[in-house]
Amino acid sequence: MFDSVRNNKRAVQIFLALITLPFAFWGVDSYVRNVGAGSDLASVGDSKITLHSFDQAWRAQQDRMRQLLGANYRPEAMNTPEARLAVLDALIDQRLLLLEATKNHLVTGDEMLREVIGRIPALQENGQFSLTRYQSALAAQGMSQAQFEAQLRQDLTLQQLIGAIGDTAIVGSEVGEALLRLQSEERHIAEWRISAEQFAAQVKIDPAAVQKFYDENPKRFETAEQARAEYVVLSLDSLLAQTVVSESEVSAWYQGHKERYQQAEERRASHILLTGEGDKAKAKAKAEELLKEVQKTPERFAELARQHSQDPGSAEKGGDLGFFARGMMVKPFEDAAFALRENEISQLVESDFGYHIIRRTGVKPGKLRALNEVRGEIEDELKRQAASRQFAEAAESFSNMVYEQADSLQPVADKFKLKIEQSAWLPRNASPEAIAALGPLGNTKLLTALFADDSLKNKRNTEAVEIAPNRLLAARVVEHRPASLRPFAEVKGDIESTLRAEEAAALARKTGESRLAELRAGDDKLPWSTVRSIGRNDARQVSQEALKAIFRSDASKLPAYVGSPGSGGYTLYKLIKVSHPDTTDEQRRQAVRREYAALLGQEEFHAYLAGLRTRYKIDINKAMLESKDR
């Protein structure tokens with residue numbers, strides 16, 4: 001029963017979704033027994049959907065859209081009857097499924113529940129389930145274990161029902177082959193483009209049309225709402241610049257941490273490496289021959305390394321590896337190198353890289369680095385430690401101060417020795433690209449706070465916003481420009497250009513459609529482009545609209561002709577030939593069948609939901625749903 005759940009990666013991800021979004025429900029019991037407070041927004045059979053449940057789902061959907069769209073999120077777009085009905089429809093579908101699951105005695109057992117929770121990576125330590133992490137995560141969301149497990153049990157039960165319906169779609173081999181043939185089809189086309197520019201001289205713009213366009217499209221000529229702000233930034237770096245450490249502190253640190261400044265002994269060595277790739281025994285035999293030769297004539301070590309070593313980094317340098325300390329080489333090599341005397345040659349040493357012949361060529365004894373040599377490092381470390389402690393203490397004070405003395409940033413700037421910076425004009429509802437260009441003020445949370453009513457009307461400080469790790473910013477509006485309509489005289493030229501381009505494009509399309517009719521009547525005298533092939537998913541070569549037109553055309557009688565507007569003009573296409581690849585990759589064949597099976601599964605599931613809607617009586621309180629004063 002649970003195989004489809006075990007194999008579904010989404011089951012493992014449920015927990016993360018549950019702890020980051022508000023819940024609309026708290027378990028199967030609340031559906032069936034109608035537990036809940038508040039007015040009823042809808043009913044499904046004898047089960048009620050309360051206003052409280054809807055509001056929770058509504059907030060969850062707003063949070064999802066806010067995360068998805070970022071700076072492009074518009075709350076007003078969600079506050080429509082259509083958007084509210086979509087959320088309610090989703091609740092009704094879930095309620096229908098839960099009622100059916102209960103009716104058919106579908107349940108998720110304790111063993112399965114434990115297995116799914118135990119596999120959630122966020123709840124594991126060293127690959128094992130951690131009860132402490134589990135309890136901490138729930139506490140952070142203000143949830144009890146019973147509440148979370150009821151929700152998860154419900155979701156897993158729904159997955160059983162959904163999987164039982166959606167996974168039943170089967171695509172036969174003949175259908176699969178037909179789909180594959182359609183998807184892999186290529187059409188050979190030539191094209192001829194009619195540009196809008198060639199009609200520009202024919203276009204005459206009526207001044208009345210320009211005025212009408214301005215009057216009917218005020219939003220296009222609206223200057224966005226803007227604000228100019230002053231701000232202060234409290235950062236670890238700013239505190240670091242103010243931090244001073246004494247000579248006694250530096251000396252005390254050095255005396256207490258001398259082991260950190262102990263420079264380890266280093267050895268210098270050369271080697272000849274045979275990797276053993278392909279034939280390990282053959283490589284070992286050759287290495288043994290080279291070892292005998294090196295032992296006989298050690299002065300030829302560098303020459304033999306250049307000729308035979310398979311280490312490209314050292315071979316051209318006669319095998320020289322330079323100086324290295326312990327821990328820098330693989331252990332078999334390191335042990336051998338550090339056991340050798342000056343100019344001594346090792347026996348054959350085997351490592352993961354192959355067979356080495358090693359010669360020790362130098363040594364640097366270990367030593368304690370002097371205080372003067374490491375003074376700068378110690379000062380930097382002590383300053384960062386002190387600044388980190390100061391920042392942890394200052395962050396809370398900074399946040400409280402900008403809130404408690406909200407009429408000015410000067411007090412907090414004076415206390416922490418910060419410079420009050422001035423911003424350029426900041427747009428409301430800026431695009432992600434525009435936000436990214438705003439520097440330290442390019443933070444969605446901060447911009448939302450700046451354009452809040454209290455900030456705009458009363459010129460109060462925003463809260464302290466963490467714009468980066470160890471970096472807090474508070475701002476205050478100093479000047480505000482509401483959205484305004486640009487004067488007609490200022491945009492008149494732009495409107496004329498727009499209308500001229502639209503009219504030229506319309507003339508190009510009219511001409512193109514006329515030529516298309518002539519082509520289909522048999523009059524083909526156009527200077528077509530070079531023939532090229534195009535696939536169904538090849539939208540990079542032509543527009544999506546053109547691609548659809550090309551593959552919708554009747555290929556039973558060639559040549560065939562289609563046309564498509566685009567890029568301000570009109571393009572005609574001549575379909576000359578249809579072809580299919582001689583062979584198809586089996587992996588692609590299976591992928592096509594899976595994709596089609598998934599589509600069929602979705603259709604069957606939607607049909608199943610439609611059937612449930614006819615079996616249960618559904619009532620919706622439309623007046624309550626459409627009310628803006630809920």
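Predicted model: local features only at pLDDT ≥ 70, side-chain atom pairs only at ≥ 80, totals over all residues.
Some ground rules. Local features need pLDDT of at least 70 and side-chain atom pairs count only at pLDDT 80 or more, while totals for chains, interfaces and linings use all residues. Residues are numbered from 1 along each chain as its sequence is written, and side-chain values use heavy atoms, with hydrogens and water left out.

I start with the sheet. Four strands make an open, antiparallel sheet, in the order S10-S9-S12-S11. Helices (H or I, at least four residues) and strands (E, at least two) are DSSP runs, numbered from the N terminus. Two strands pair if DSSP finds at least two bridges between them. At the edges are S10, residues 320-325, and S11, residues 349-351, each pairing on one side only. Neighbouring strands are turned by 45° against each other on average, direction ignored; axes are lines fitted to C-alpha atoms, for helices over the stretch in contact, and angles run from 0 to 180 degrees between N-to-C directions.

S11 pairs with S12, residues 354-364, over three antiparallel bridges. Ser351 has Gly354 in S12 as its bridge partner. Helix H14, residues 280-296, packs on this sheet and touches S9, S11 and S12, where contact means heavy atoms within 4.5 Å. The direction of H14 makes about 40° with that of S12.

Next, the rings. Rings of Phe, Tyr and Trp (its six-membered ring) pair if their centres lie within 6.5 Å; planes under 30 degrees apart count as stacked, over 60 as edge-to-face and the rest as tilted. The count is eight aromatic pairs. One of them is Phe324 with Phe338, edge-to-face, at 6.2 Å centre to centre and 75° between the planes. Phe324 is in strand S10 and Phe338 in helix H16, 14 residues apart. Are these two buried or exposed? Both Phe324 and Phe338 are buried, meaning under 20% relative accessible area, with exposed over 50% and partly exposed in between (1.4 Å probe, protein chains only).

The charged end of Lys364 sits over the ring of Phe323, 4.6 Å from its centre; the rule is NZ of Lys or CZ of Arg within 6 Å of the ring centre and within 35 degrees of the ring normal.

Last, the backbone. Most residues other than glycine have a negative phi, and most peptide bonds are trans. Asn343, in the loop between H16 and S11, has a positive phi near 65°. Asn343 is partly exposed, at 42% relative accessible area. Leu558 and Pro559 are joined by a cis peptide bond, with omega about 0°.
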